[in-house]
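Reader: I am new to this structure. Could you show it and then take my questions on how its parts got their labels?

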Amino acid sequence: MTYLVRFFLIIAGLIFAASLMVVMLFLLALWGIRAIWCKLTGRPLVPFEMRMNPRAGFEQVFRRADRGAADDKPPRRRLDDVTDVEPKR
């Protein structure tokens, strides 16, 4: 029984790997067609790029923290203000 499960898992993994290969080959073919089209039309071949500013995430967090400090929230109580807990000795 366990060999049958292993067999089906291996087959499923092989099918998944083959589907990934097909998708990657399709994307490579699209990129090649795009490159050939740019050469034929004389346009510059601009690479695919993902514009991302690594500082943007930190700035967003810091802006959120500044905005949170400016909100009209009641101040948090300090931990030594807790009266319903007796310390262990």
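Predicted model: local features only at pLDDT ≥ 70, side-chain atom pairs only at ≥ 80, totals over all residues.

Reader: What does the secondary structure of the protein come to?

Author: Two helices and zero strands.

Reader: Why is Leu 9 called exposed?

Author: Exposed means over 50% relative accessible area. Leu 9 has 59%, so Leu 9 is exposed. Leu 9 is found in helix H1, which covers residues 2-41.

Reader: What makes H1 lie largely in the open?

Author: A residue counts as buried under 20% relative accessible area. Of the 40 residues of H1, two are buried, so H1 lies largely in the open. For the protein, with its 89 residues, 2% count as buried.

Reader: How do you know that the reach of H1 is close to the expected one?

Author: The expected span takes 1.5 Å times one less than the number of residues. For the 40 residues of H1 that gives 58 Å. From first C-alpha to last, H1 reaches 58 Å, so the two values are close.

Reader: Which residue follows H1?

Author: Gly 42, with a positive phi near 80°.

Reader: What makes Leu 9 part of a nonpolar patch?

Author: Patch residues need over 30% relative accessible area and no salt bridge, and nonpolar side chains are joined within 5 Å. Leu 9, at 59%, passes the area cut-off. The patch also includes Met 1, Phe 8 and Ile 15, and its accessible area is about 1100 Å² together.

Terms used: Residues numbered from 1 in each chain as written. Heavy atoms only, no water. Helix = DSSP H or I, 4+ residues; strand = E, 2+ residues; numbered from the N terminus. Buried < 20%, exposed > 50% of the residue type's maximum accessible area, 1.4 Å probe, protein only. Patch = residues over 30% accessible without salt bridge, like charges linked within 9 Å, V, L, I, M, F, W, Y side chains within 5 Å. Areas by Shrake-Rupley, 256 points an atom, 1.4 Å probe, with all protein chains shown as cover. Salt bridge = Lys/Arg side-chain N within 4 Å of Asp/Glu carboxyl O.
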